[in-house]
Amino acid sequence: MNSRAWRVILPIGLFLLLVVGTLEAPFAAPRLFPRLFWDEHLGRAERRLVRAEREFKEADEAYNRLRASESSQPEQRDELRRAEALRRFKLEFLLMIKEKREQLEGESRAGGSRE
Amino acid sequence: MDGLGISLEKVTRRRGFDPILPVILIVAVFLLFFQLDQRPFWQDEAETACLAKNVLKYGLPYAFDGKNLISQEEGREFADGDYLWRWSPWLQIYLHAASYYIFGPTTFAGRFPFALSGLLTILMTYVLIRRRFDDVAWARASASLLTLWVPFLLYARQGRYYAVGALLTVLSLYAFRGKWGSRVGPALLLVFSLALLFYANYLLFLSFCAAIFLAALILYFRELRPARTMILGALTAALAVPGVLVSRMGQQTGMMDLGKFSDGLESYLTDVGVFMLPLPLALYLALRWGSAPFRGRLDRRDPGERFVLFLVVILAINILVLALVPQVFNRYLAHLYPVAAMICGWVAVKAWRFQKATGALLFVLLGFTNYLHVLPMDWLGWVNRPWHTAFNMLNYPDIPLRLHLTETTSDLGDVNRCAIDFFRENAGRDDVVFANYGDLPLMFYTDLQVLGGLQGRVPPDDHPPDWVLKRPFLTLSRERFFMRADEYLYNKLDLEQDYEPIVLACPAEMWGARADPYAHRFLPVQEPFRRLTVYRKIKREGGK
């Protein structure tokens, strides 16, 4: 491509990027395209929540399985301690993910960005 | 080339006073120092700040003062019994201490030397390009971009090694482009800036030294005088020896895991694309330097362009070395912001010289928005968005300065501030506080005994703490067990039975004023949120 073509393409391309970026930015997008914006963010939060719930469930089941077969062997005791820690970790994580989703829902109901 | 009636060559290559430089520096002073102490130290800053207080007491950074223990690795930071801090280098601790000695132990004093280093980094970025390449426009563009980049501002406004690392990086590059092969001044500057980088942070030193050495072999091989290079290398190593002897680097190398190299590399490459060198610019440079006719002409064309290629190689090798360490943190890239600013500044000036509209648009996109950084990466699905990020953070398209100014001109609350204020008002002098996280800010800002956190120090079973601060922070030990504080909190304490909950107004956040662009919150947390809860021990008659 020759230099003259670049002199047209580059400023137009950069200007379009400036426009697209501004339209996508959180100070504009919730007002201009509220449904699109909140669907994207709530969808992401929902997927995280589903994953966090699944991970907690798996950790909980693993912990309960180990507890049911509790033995006095030191290695198994360590496994149980690890499983208990992981279960608690996943529970706290799940609570935080839930909180994030509720905040997003609250914001989406308020219908705008926080300016 | 003379659209304004002035020859661009004259404007961009003139010597002498540049009126734009003071403007850049005034803006930088405002962005770096305004409301520097608005939010209190978060955990990592408070670690350094508490050690600095002990330096003022004992002359050395001891982790124990007879009452409180400073540790975030359950005691791995010091040898058994001596409590001398051996985990991270001491430069940042002594900078805090010197500032406390002069101004008193305040948040502003703790952060001041580092913000000043940030300002000097901006100035030296300008000086490097101006003096070594005699290009005013490039110097202006690089220094302005660095001034306007909020991730850099966040790091420079922290009381940690980040801005010092950036300053030493620029100083070493300045020395490297001086006649260090024949003159003593640049040679000594090179040695001391690299050696001090070691005392700022081991990882920065290792990754940057490897990068600058290999990049010099590739691009400035003819300039390297073997004897002098070896002498300077040996001098740098010799200056680092005392630090090696004091440190517990051996214990930290045990944390190396080559199996995680590709994850680390992917993460750092993403970080570079999203916060430093935008993907389209990287592609432009790759295409430009990949073309065969160019390769043969690199020597004669432009010494500035060779230097930009040198910077890109440094960036690449630095990331490769950092990826060998499984502890992947964005902050290990903080010293490379001036490097990225010089690369982007060069491209912006190149674009300006090609066509003013293109150059101006590119500068606006690079300096005032993060669109060029974030959007192309987003379209390719390469933006890292951990669960704790929100759409008002720097990994979403935005005008970062807008966020920075909103934060510094408003009161957005801070979880550490909330806890500090509560205990200052409500706790007795001899009370013992147990916190599962955020113990170090409490130690710095109150006179209380604070246990828990990541110290591994918990109250004895027969002396439960007077207060419990439960933060929503959970991590597991390297062996995947509970940390000792969590074990104690969940398995030894009965909060429902023995404690009365006091719900504070502020949100129970994880970190507070952390600089990491993936974690830094600029706006208030929205309702509904969990509130920070403090538990007060119920005094029973005849009991403890």
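Start by selecting B:L173. Contact here means heavy atoms within 4.5 Å, and, leaving out residues up to four places away in sequence, B:L173 touches B:L128, B:F208, B:I212, B:F307, B:F310, B:L311, B:I314, B:V339 and B:M342. You're looking at a predicted model, so local features need pLDDT of at least 70 and side-chain atom pairs count only at pLDDT 80 or more, while totals for chains, interfaces and linings use all residues. Side-chain values use heavy atoms, with hydrogens and water left out, residues are numbered from 1 along each chain as its sequence is written, and chains are lettered from A in the order in which they are written.

B:L173 belongs to the largest nonpolar core, which has 132 residues. A nonpolar core is a set of buried Ala, Val, Leu, Ile, Met, Phe, Trp, Tyr and Cys residues joined through side-chain atoms within 4.5 Å. Buried means under 20% relative accessible area, exposed means over 50%, and partly exposed is in between (1.4 Å probe, protein chains only). Colour B:L128, B:L173, B:F307, B:F310 and B:L362: these touch the most other members of that core. Then pick B:V415, B:A435, B:L448 and B:L532, which are among the residues of a second, separate core of 43 residues.

Next stop: the place where the chains meet. Show chain A and chain B in two colours. 42 residues of chain A are in contact with 47 residues of chain B. Together the two chains bury about 4,200 Å², 64% of it on carbon and sulfur atoms; that's the accessible area (1.4 Å probe) that two parts lose on being put together, summed over both.

What links the side chains of A:R81 and B:E487? Select the pair and you'll find a salt bridge, 3.7 Å from N to O. The term means a side-chain nitrogen of Lys or Arg within 4 Å of a carboxyl oxygen of Asp or Glu. Between chain A and chain B the count is three salt bridges.

Stay on chain A and highlight α1 (3-24), α3 (34-68) and α4 (74-110), each of which supplies at least two residues of the side that touches chain B. Helices are DSSP runs (H or I, at least four residues) and strands are too (E, at least two), numbered from the N terminus. Of the elements here, α4(A) gives the most to that side, with 19 residues.

Click on A:E99 and B:R530 next. Their closest N and O atoms are 3.9 Å apart in a salt bridge. B:R530 lies in the loop between β4 (499-507) and β5 (531-537) of chain B and A:E99 in helix α4 of chain A, so the pair joins two chains. A:E99 is buried, at 13% relative accessible area, whereas B:R530 is partly exposed, at 29%.

For a pair inside chain A, select A:K90 and A:E55, whose side chains meet in a salt bridge (3.0 Å, N to O). A:K90 sits in helix α4 and A:E55 in helix α3, 35 residues apart. A:K90 is buried at 17%, and A:E55 is partly exposed at 24%.

Last, hop over to chain B and select B:E74 and B:R484, another salt bridge (3.8 Å, N to O). B:E74 lies in the loop between α3 (43-58) and α4 (91-103) and B:R484 in helix α23 (residues 484-491), so the pair ties together parts 410 residues apart in sequence.
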